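Dear colleague,

I am handing over the structure below, and my notes on it follow directly after. Please read them with the model open beside you.

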Amino acid sequence: MPRLAVKVDVDTLRGYLEGVPRLLDLFKKHGIKASIFFSFGPDNSGKAIRRIFRPGFISKMLRTKAPSTYGLKTLLYGTLLPAPMIVPSRPEIVKRAADEGHDVGVHAWDHVYVQDCLAGISKKEYLELYSRAEKLFTELTGRSPASIAAPGWQLSHAVLEAEAGLGLSYASDVRGFCPFLPVFEGREYPVPQLPSTLPTMDEIYGLPGVDDVTLPECWLNGMTEEWNVVTVHAEMEGISKLMVLENFLNMAEALGTEFMTLAEYAKKAPLPRCEIKMGTLVGRAGTLAVQQPLGDRK
């Protein structure tokens, strides 16, 4: 019986206001608990234009029809339009997700800033940003966050050191193949990493042979690990591609898939030591944190 965790990243105001409620309705319909990571602070999506010179960024924007997927206003937030606050706009959405039993965690305070500028963010600054999200999270849920997921799977020693002191049950900062304890550039860290194992929709959508009809099967064919994790985005699967996601869930259920949250994985999965390397993936612009077996120097 395959195991699958559905991880939801919430990056933008539109994804939060429109996508998350639809996803919560879908998960309730199917009796699924997901792991949902919220960006809490300003939506600075317009500043992502800085990624334009990264290899693959423009082709990804064209393949995924970004203006219609994210909305024109979203693509202007933080530049020509002021950056609106995400969770404070309707805090009851986070509360609903928590009250309905989902595994709720922190994605970021300022998603675009952390993803694009991580190399220059110190441990102190990272903790200051995190504390803003933590405060709002605690006010809304009545508890401290137990999990975190890095924007864009970006990672540094500062982030790993900060996570080590936050009392987290797990982090999901990496792409890989199984839950593990991380080794980064020769240094070991204590917080378990639960990587995303399947490609995201925006990485493969529009590639030869991959469309609304065939994408669910692509995900199913990729569920070859003991612990499978698919990351979906509230802005994409929660809005225009909601039916594609539901088709995938229907097909996965028909195979007898056992749905689990990342929090449940963290309690049950073996945790070998593995390395984290900064690498590349097909369909993903720029570099990101990738799991490798310990000692693999490729």
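From strand β8, N228, V230 and V232 point one way while V229, T231 and H233 point the other way, and all of them are buried (under 20% relative accessible area with a 1.4 Å probe and protein chains only, where exposed is over 50% and partly exposed is in between; strands are DSSP runs of E of at least two residues, and helices runs of H or I of at least four, numbered from the N terminus). Because six of the six residues of β8 (228-233) are buried, this strand is largely enclosed by the rest of the structure.

This is a predicted model, in which local features need pLDDT of at least 70 and side-chain atom pairs count only at pLDDT 80 or more, whereas totals for chains, interfaces and linings use all residues. Residues are numbered from 1 along each chain as its sequence is written, and side-chain values use heavy atoms, with hydrogens and water left out.

Strand β1 (residues 3-10) pairs with β8 in the parallel sense over six bridges (two strands pair if DSSP finds at least two bridges between them), and D9 has H233 as its bridge partner in β8.

Elsewhere, an open sheet of four strands with mixed pairing runs in the order β7-β6-β10-β11. Its edge strands, each pairing on one side only, are β7 (187-188) and β11 (288-293). Strand β6 (residues 181-184) runs antiparallel to β7 and is joined to β7 by two bridges, with V183 partnered by E188.

Best wishes
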